[in-house]
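Please look at the structure shown below and follow the text with the model in view. The explanation starts with a single residue and then widens to the whole chain.

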Amino acid sequence: MKKVFKQYDFENKPVVDIVNEMIIDAINHKASDIHFDPTEDTLNVRIRIDGELLEYAKVPSSVKKNLLTRIKIISGMNITETRLPQDGAIKNLGEDIDLDLRVSSLPIVDGEKIVIRILDYRMSSAGLENLGLSPVNLEKIKHLMGLPNGIIMTTGATGSGKSTTVYAMLQILNTISRNIITVEDPVEMKIPGINQVQVMSEIGLTFGNTLRSILRQDPDVIMIGEIRDTETAKIAVRASITGHLVLSTIHTNNSLNTIERLLDMDVERYLLGSALMGIISQRLVKKLCPYCREAKNTTDYEKTLFKKALGQDVEQVYVAHGCDKCINGYNGRLALHEVLVLNQDIRDAIINNIRKEELRELVYKKAGTISLLQDGLEKVLQGFTTIDEILRVIDVDSDFGDSDTEIKNALIGKTKENYANIPTIENNQETLEEPLIEETVTPEVFVQQVMDAIPSDNNIEAL
């Protein structure tokens, strides 16, 4: 199993070299974040690989302050300010590293916690074809990008690859005949030929103010880094129905939740129904190591899941236990996608405020949208990931609905299997002479039992 913990010679090696080496080594491990967590005695360093935080190094207290100060210096922070959060960036680390490093500091009880985020947009530059999209979903996205106007939303949790997908779409749309303007906080990837605006709320350059100005700049395509509030949502919708193609992101779970979220932001139903063109929902799961994966028989729950989601009887899936080329059986990450292209039936349903279950029927059955769960299970069958990873990032109930008793019963069976080996009173070798809990009694009897247990000199009147 690959080891990431590293020993440094903090006594004899300069702090400057140690910081550079830590960052370069984390990049070589394909880490997405480096965490510097101060404690009373040491500074714990962890790196996030494939979405999982792993212990990396321990910095002694004698070096802790100097190391954190060095990070603040190279990221352009104020080293004398330790009481307030700060943001910074590392631009020129050397070693021909062409990655964007964002730095954030947060004052905590034992000092300052610093997190370095490593932004690698080489996947965006590689194009949509390299993002793990199924052929059906890839064609849907290409169709959406060919539309003259409307909103295309990319949704998912923090760190699910939304920006990577949006930037890959912008790379395709970026032609000499289009005026593309983005408004972002922050600008995460600079693209030649695209006009990118950095939001600065402290001077009044907000999403709302910038979008109003953008509409007077004759844009063809507008990219909004994230729709966070009602004002931004309303301006984005109005921009899309006046002849602009709008790309944006939002934090929701799937297509249905995205529609609900935009309506919660007080976007008028008739506007949303005509403006929204498509929703791309995505999640990232860990990728199975191809060197140590092996087949295993499916459980009853897994069989039920495959049958309900894909209509297939699946007897075996892949698992991995770890080798010297991976971490706990996984190496890299893979995206799951759900791409909804709105048709007239769905638009009418949004405008007419039909029930959620009827909208679910239109989205997933009549429109033929491949859900996140279905896309994930297809990738399990192909040996790219595992059932456990799919269940970690996807709420099964959101795919089947709360009324699906077959899935709920299968899940109860799975839960019982997981807890089958936990000792209970029945299978414990030591038996109790008297039960810990008596049979259920009436409230009157219970009160009397409590009164009998109170010593006579502590009666109720005295209390």
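Tyr8 is buried, because its relative accessible area is 9% and the cut-off for a buried residue is under 20%. Phe10 is buried as well, with a relative accessible area of 12%. Keep in mind that this model is predicted.

How do these two residues sit relative to one another? A pair of aromatic rings is described by the distance of the centres and the angle of the planes. By the rule used here, the count of aromatic pairs comes to two. One of them is formed by Tyr8 and Phe10, whose ring centres are 5.9 Å apart. The planes of Tyr8 and Phe10 make an angle of 55°, and the pair is classed as tilted. The class follows because planes under 30 degrees apart count as stacked, those over 60 as edge-to-face and the rest as tilted. Together with Tyr56, Tyr8 and Phe10 make up one aromatic cluster.

The next feature is a sheet. In which order do the strands of the open sheet run? Its six strands follow the order β3-β2-β1-β6-β5-β4, with antiparallel pairing. At the edges lie β3 (52–60) and β4 (86–90), each of which pairs on one side only. From one strand to the next, the twist averages 20°. Within this sheet, β1 (residues 31–38) pairs with β6 (residues 111–119) in the antiparallel sense, over four bridges. For Asp33, the bridge partner in β6 is Arg117.

Two helices pack on the sheet. Helix α1 (residues 15–28) touches β1, β2 (42–49), β3, β4, β5 (100–108) and β6. The direction of α1 makes about 140° with that of β1. Helix α2 (residues 61–74) also packs on the sheet and touches β1, β2, β3, β4, β5 and β6. The direction of α2 makes about 115° with that of β3.

The charged end of Arg293 lies over the ring of Tyr318, at 4.3 Å from the ring centre. The charged end of Lys325 lies over the ring of Tyr291, at 4.1 Å from the ring centre.

Finally, consider the protein chain as a whole. It contains 17 helices and 15 strands. Of its 463 residues, 45% count as buried. Among contacts between residues at least 6 apart in sequence, 64% join residues at least 24 apart. The protein chain exposes about 24700 Å², of which carbon and sulfur atoms supply 49%.

Key: Residues numbered from 1 in each chain as written. Predicted model: local features only at pLDDT ≥ 70, side-chain atom pairs only at ≥ 80, totals over all residues. Heavy atoms only, no water. Pairing = 2+ DSSP bridges. Axes fitted to C-alpha atoms, helices over the stretch in contact; angles between N-to-C directions. Contact = heavy atoms within 4.5 Å. Phe/Tyr/Trp six-rings, centres within 6.5 Å; stacked < 30°, edge-to-face > 60°. Buried < 20%, exposed > 50% of the residue type's maximum accessible area, 1.4 Å probe, protein only. Lys NZ or Arg CZ within 6 Å of the ring centre and 35° of its normal. Areas by Shrake-Rupley, 256 points an atom, 1.4 Å probe, with all protein chains shown as cover.
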